[in-house]
Amino acid sequence: MGRLCQYARGSSWVEVQGVVRDDTRVSELVGIGELGRRSGVSVRTIRFYCDEGIVEAARSAGGHRMFEGDAAVERLMLVRRLRALGLGLGAIGEVLRGERSLEEAIAIERARLDGEFRELAWRRASVRAVQVAAPGERGARLALLAAAQDGGAVYEGLVRFWRQVLAPVGRREVDGWVGWNVPEPPGDPSADEVVAYAELAALVEDPEMNGVVRQQLLRSRPESIRDVGALYVEVGDVMTEVVPLVSAGVRPRGGGELDRFVDAHARARGETDSPGFRERMLVDATDTDHRIHRYWALTQRFLGTRITVGRAHDWVYSALARDAYGT
């Protein structure tokens, strides 16, 4: 049976409520002052945690907050440790109520901190990039970086651009294409890297860039193509065959890869491969457009030795030009 009593602790008296079992075991409830002394947490903070539902309290007959001694101390210690790691009270409450495991809460906080670090690293590199620019270039560089303040947002813009260009292609194929050819922002970029990545953003924001790239991929008379999606897939297969040639340093040349590339475009238009058709594939070609070359040069900076579709397309174009014009 519960009873309200007092017991001596040193020279002070603390009001507790105990439940006596077998005349030997007492489970005590302590007042807020005693809980603060045991835990090292201020009374004001304990009251706040109570109001927020972080710490549970009962009420004595006199209306005072009462807490389960050791259990409340352990709870407060856990709260203090989690707060020291930066977790908010909402996340801490979820852990204490069993709605989320401690491991999950820590993982979420880690992801949040990683995001903050990336944002600060990007800003630091941007500031450094403006600082090291020549006085006459600082205005242009500042404008470039101001339009690309976040690496993650730039990456999303690059992905969105290519999804629009490759709209007729199936989602799975596009995802694979993006994963191979679109560089993610560096986690801790240098000043040069943040400028290069921002320049990629500026290139895809060029209102003419979408049309220039589509012209490169679809070649001449795109309106005559019966199934753009199927053509993309066939050309993609050819690019897969070309990648090892580029990697090995093989110079552009005629052969099976070029024949399959031309045949895919011819069949897509209901035509057959011929010298005349190959010449028409070069009409209004945008492969030499400086924006395309700049885009893939910047991309290569982040992807290292990986052979992108851009480089493979350039190899096929050069092979086609040599075949058609004998250059």
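**A walk through the helices**

Let's start with R80, which sits in helix α3, residues 69-84. By helix I mean a DSSP run of H or I with at least four residues, while strands are runs of E with at least two, and both are numbered from the N terminus. Before going further: this is a predicted model, where local features need pLDDT of at least 70 and side-chain atom pairs count only at pLDDT 80 or more, though totals for chains, interfaces and linings use all residues. Residues are numbered from 1 along each chain as its sequence is written, and side-chain values use heavy atoms, with hydrogens and water left out.

Back to R80. Its relative accessible area is 41%, so R80 is partly exposed. The scale here is buried under 20% relative accessible area, exposed over 50%, and partly exposed in between, with a 1.4 Å probe and protein chains only. What does R80 touch, if we skip residues up to four places away in sequence? The list is S39, G40 and V41, where contact means heavy atoms within 4.5 Å. R80 and V41 are 39 residues apart in sequence, yet their C-alpha atoms are 8.5 Å apart in space.

Now on to helix α7 and its partners. α7 covers residues 151-165 and α8 covers residues 171-181; their axes come within 11 Å and cross at roughly 135°. Those axes are lines fitted to C-alpha atoms, for helices over the stretch in contact, and the angles run from 0 to 180 degrees between N-to-C directions. The two helices are therefore oblique to each other. In this scheme under 35 degrees is roughly parallel, over 145 roughly antiparallel, 65 to 115 roughly perpendicular, and the rest oblique. As for handedness, α7 passes α8 in a right-handed crossing.

For the classes, Ala, Val, Leu, Ile, Met, Phe, Trp, Tyr, Cys and Pro are nonpolar, Asp, Glu, Lys and Arg are charged, and the others, Gly among them, are polar.

α7 also packs with α9, at an angle of about 35° and with the axes 10 Å apart. The crossing of α7 and α9 is left-handed. On the α7 side G151, V154, Y155, G157, L158 and F161 take part, and they meet Y197, L200, A201 and V204 in α9. This contact of α7 with α9 has eight nonpolar, two polar and no charged residues.

Next, the inside. Which residues touch the most other members of the largest nonpolar core? They are W162, F261 and Y295, in a core of 63 residues. A nonpolar core, by the way, is a set of buried Ala, Val, Leu, Ile, Met, Phe, Trp, Tyr and Cys residues joined through side-chain atoms within 4.5 Å. Helix α9, residues 191-205, gives the most to this core, with ten residues. Apart from it lies another core of 21 residues, including L35, V79, I92 and L96.

Let's follow W162 a bit. Beyond four places in sequence, W162 touches W177, V182, V213, Y295 and W296. That last one, W296, is in helix α14, residues 290-303, and at 9% relative accessibility W296 counts as buried. Leaving aside neighbours within four places in sequence, W296 is in contact with W162, W177, N181, T308 and G310.

Then there's H313, in helix α15, residues 309-325. Is H313 buried or exposed? Buried, with a relative accessible area of 5%. Not counting residues up to four places away in sequence, H313 touches Q216, L217, V235, M239, F261 and D287.

Last stop: the loop between α10 (209-218) and α11 (228-247), where we find R219. R219 has a positive phi of about 65° although it is not a glycine. Most residues other than glycine have a negative phi. R221 sits in the loop between α10 and α11 too, with a positive phi of about 50°. At 3% relative accessibility R219 counts as buried, whereas R221, at 36%, counts as partly exposed.

Key. A crossing is left-handed if the near helix is turned anticlockwise from the far one by less than a right angle, and right-handed if clockwise.
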